[in-house]
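Visitor: I am new to this structure. Please show me how to read its features, one at a time.

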Amino acid sequence: EITPAALMDEWRDKLPLLWPSGGEIYRSWKGIESGEVAGIDLDIGPMTMSTGVVVDDVTPTSFTLQSPSGHLFAGRITFSSRIESGKTVARIEILMRANDPIYELGLGFGGHRREEMFWAEMLWNLAERYGERPSVFLSRTCLDRRRQWRKATNLRHNAAIRTIARHARKRVAAPFQRGAAA
């Protein structure tokens, strides 16, 4: 009993509250508007990886997040709502490809499934605001099975590697910091 546009307004407005466990999203003060950037922290194993997305293509019933260089994948995530069989339906559509060979291995070893469950949780969180717990239907289509080993140069932009390196530098430098105990 909510229109697709009203559902989308709620989704954009409450996005940080609807974000699945295992991470956080930080919108700009302008909110979800074309051209804005949103920061994301994702818990991956024992570390938190920081990355972000660019808000792209905002309409009354949809918005798209575009991944930047260094993100886990190159691609887009589109959040939309529409009427199906007389009911308002929410949808998340992901078009993605691993950005480098390390991410490609991670997606192959359970990363795709984890990604699907992450976004299913987002849909459940959205539905819960309206007292619903609907079925979430997942569909995966592989557009290209080829490995892109020529993209190995993208490792220099890998956010996970940069996060690990930053934490390692802090640990190595800590004893030499001013005020450190002798």
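**An aromatic cluster and its surroundings**

Guide: Trp 11, Trp 19, Phe 63, Phe 79, Phe 118 and Trp 119 form one aromatic cluster. This is a predicted model, in which local features need pLDDT of at least 70, side-chain atom pairs count only at pLDDT 80 or more, and totals for chains, interfaces and linings use all residues. Residues are numbered from 1 along each chain as its sequence is written, and side-chain values use heavy atoms, with hydrogens and water left out.

Visitor: How many helices and strands does the protein have?

Guide: Helices (H or I, at least four residues) and strands (E, at least two) are DSSP runs, numbered from the N terminus. Here there are 4 helices and 6 strands. Along the sequence they follow the pattern α-α-β-β-β-β-β-β-α-α.

Visitor: How many aromatic pairs does a search of the whole structure find?

Guide: Rings of Phe, Tyr and Trp (its six-membered ring) pair if their centres lie within 6.5 Å. Planes under 30 degrees apart count as stacked, over 60 as edge-to-face, and the rest as tilted. The search finds 7 aromatic pairs. Take Trp 11 and Phe 79. Their ring centres are 5.4 Å apart and their planes are at 85°, so this pair is edge-to-face. It links distant parts of the chain: Trp 11 is in helix 1 and Phe 79 is in strand 5, 68 residues apart.

Visitor: What about the rings of Phe 63 and Phe 79?

Guide: Their centres are 4.6 Å apart and their planes are at 15°, so that pair is stacked. Again, distant parts of the chain are linked: Phe 63 is in strand 4, Phe 79 in strand 5, and 16 residues separate them.

Visitor: Is Phe 63 buried or exposed?

Guide: Buried means under 20% relative accessible area, exposed over 50%, and partly exposed in between (1.4 Å probe, protein chains only). Phe 63 has a relative accessible area of 0%, so it is buried. Phe 79 counts as buried too, because its relative accessibility is 0%. Trp 11 is also buried. Across the protein, buried residues make up 34% of the 182 residues.

Visitor: Which residues does Phe 79 touch?

Guide: Contact means heavy atoms within 4.5 Å. Not counting residues up to four places away in sequence, Phe 79 touches Met 8, Trp 11, Thr 61, Ser 62, Phe 63, Leu 65, Arg 91, Ile 92, Trp 119 and Met 122. For the whole protein, take contacts between residues at least 6 apart in sequence: 48% of them join residues at least 24 apart.

Visitor: Which residues have the most contacts inside the largest nonpolar core?

Guide: A nonpolar core is a set of buried Ala, Val, Leu, Ile, Met, Phe, Trp, Tyr and Cys residues joined through side-chain atoms within 4.5 Å. The largest one has 28 residues. Trp 11, Leu 15, Trp 19, Phe 79, Ile 92, Trp 119 and Met 122 have the most contacts inside it. Among the elements that each supply at least two residues are helix 1 (4-13), strand 5 (73-84) and helix 3 (101-128). Helix 3 gives the most, with 7 residues.

Visitor: How many bridges join strand 3 to strand 4?

Guide: Two strands pair if DSSP finds at least two bridges between them. Strands 3 and 4 run antiparallel, joined by 4 bridges. A hairpin connects them through 2 residues. Thr 59 has Ser 62 in strand 4 as its bridge partner. Strand 4 is also antiparallel to strand 5, with 5 bridges between them. There, Thr 64 has Thr 78 in strand 5 as its bridge partner. Strand 4 is mostly covered: 4 of its 5 residues are buried.

Visitor: Where does the side chain of Ser 81 reach?

Guide: A polar contact is a pair of N or O atoms within 3.5 Å. Within protein, one must be able to donate a hydrogen and the other to accept it, and residues adjacent in sequence count only if both atoms are side-chain atoms. The side chain of Ser 81 reaches the backbone oxygen of Pro 4 at 2.7 Å. Ser 81 is found in strand 5 and is buried, with a relative accessible area of 4%.
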